[in-house]
Amino acid sequence: MVIYCVGIDLGGTTIKAGIVDEDYRIVKSGAVPTVTDRGAQGLVGDMKELVSSLLEETGISMEEIASVGLGVPGTANKKTGVMEYANNLNMKDEPLIPLLKRYFKKPVSFTNDANAAAWGEYLAGCGKGYASMVMVTLGTGIGGGMILDGKLYEGCNFAAGEFGHFVIQYDGEICNCGRRGCFETYASATGLRRMALKAMKEEEGRRSLLWSLCGQDEDKVDGQKIFEAARRGDLTAESVVERYLYYLSVGITDIINIFQPEVLCIGGGVSRAKDQLLEPLKRLVDQQVYTRDSAVKTEIVIASLGNDAGIIGAAMLDD
Ligand SMILES: [Zn+2]
């Protein structure tokens, strides 16, 4: 009998779930909107229905499911099974795991969504076959996860891997964590956008291609358009991207200096810029990293699984 695992990725706008086989392949996946106003009961009810429909569509029975794993956008206390704090969902202290166990009658485990994605990339994506990997996700904020000696490292309070919140600029831009100059305020998609909007309003920036790419509507400026304008030789966008990459390289170098992982994997929306991001980033890190003369060096790569990483990682969590 083939054994499957279920992975659920609880996000701010959708709940995604997938049935994953022993080779870390998603056999079937689906999604429903995240509705939080009925609390944990409502969320678990929606997860239940989503998984049931996937089982029905594939003809896989509940007996063939070995375990269920969940990634949550908040702190996942593995000891209690409670999602302690989920800023995005505006939820606090929700007993998701006891409720899921009651329904599935299977081993259920969970972790933070960034950890789930890192674990998925480690097992089935760009970290496959390595002993250590750090993943850094460049989205609205910066998240991440780390796998050290084959194990997901979560810290004593399950809050490790907050790579967005070490300071790279003393007394810099205010961060939503309350400190100033955090890596996230410069190297997230939000940081990139802030730098672009500022540059667009300066004298040279008023003639920038970015204005026509966004139809004169600054709300429509995003990472993709900024990289596109730079690719097309727009001087304003080029200088913004250059500054952004420098900030990014400072933080990534710090992370490599601390962990020296075999692989450092970059994910999130900004990573869609692919080589336009990766090649200059590698050069900048090479100039700064402590181990620049070392024979063995961290390989920097772009994440390969996209949104599937969170489902696969959640499905394959250890208890
Ligand atoms: Zn911060």
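1. A word on terms before anything else: two strands count as paired if DSSP finds at least two bridges between them, and helices (H or I, at least four residues) and strands (E, at least two) are DSSP runs numbered from the N terminus. With that in hand, lysine 16 stands opposite alanine 31 in β3. Strand β2 (residues 14-20) pairs with β3 in the antiparallel sense, over seven bridges.

2. Some housekeeping: this is a predicted model, where local features need pLDDT of at least 70 and side-chain atom pairs count only at pLDDT 80 or more, while totals for chains, interfaces and linings use all residues. Residues are numbered from 1 along each chain as its sequence is written, and side-chain values use heavy atoms, with hydrogens and water left out.

3. On to the overall layout. The protein splits into domain 1 (4-125 + 308-315) and domain 2 (133-302), with bounds that come from an automatic or database domain assignment. Taken over C-alpha atoms, the domain centres are 28 Å apart. Across the boundary, 13 residues of domain 1 are in contact (heavy atoms within 4.5 Å) with 13 residues of domain 2.

4. Now the sheet. Five strands form an open sheet in the order β3-β2-β1-β4-β8, with mixed pairing. β3 (26-33) and β8 are the edge strands, each pairing on one side only. Direction ignored, neighbouring strands of this sheet are turned by 15° against each other on average.

5. Which strand is largely enclosed by the rest of the structure? That is β4 (residues 65-72), because seven of its eight residues are buried (under 20% relative accessible area; exposed is over 50% and partly exposed lies in between, with a 1.4 Å probe and protein chains only). β4 runs parallel to β1 (residues 4-10), joined by six bridges, and also pairs in the parallel sense with β8 (residues 108-112), over five bridges. Glycine 71 is a handy landmark here: aspartate 9 has glycine 71 as its bridge partner in β4, and glycine 71 in turn has threonine 111 as its partner in β8.

6. Helix α10 (residues 308-315) lies across β1, β2, β3 and β4, and runs at about 130° to β1. Axes here are lines fitted to C-alpha atoms, for helices over the stretch in contact, and angles run from 0 to 180 degrees between N-to-C directions.

7. Have a look at α8 too. The axes of α7 (residues 223-231) and α8 (residues 235-259) come within 8 Å and cross at roughly 115°. The contact uses Ile226, Phe227, Ala229 and Ala230 of α7, and Ala237, Glu238, Val240, Val241 and Tyr244 of α8. By class that gives eight nonpolar, no polar and one charged residues, where Ala, Val, Leu, Ile, Met, Phe, Trp, Tyr, Cys and Pro count as nonpolar, Asp, Glu, Lys and Arg as charged, and the others, Gly among them, as polar.

8. α8 also packs with α5 (residues 189-200), at an angle of about 145° and with the axes 10 Å apart. Here α5 brings Leu192, Met195, Ala196, Ala199 and Met200, while α8 brings Thr236, Val240, Arg243, Tyr244 and Tyr247. This contact divides into eight nonpolar, one polar and one charged.

9. Last, cysteine 156. This residue sits in the loop between β11 (151-152) and α4 (183-187), and is exposed at a relative accessible area of 70%. From cysteine 156 to glutamate 262 is 106 residues in sequence and 24 Å in space, C-alpha to C-alpha.
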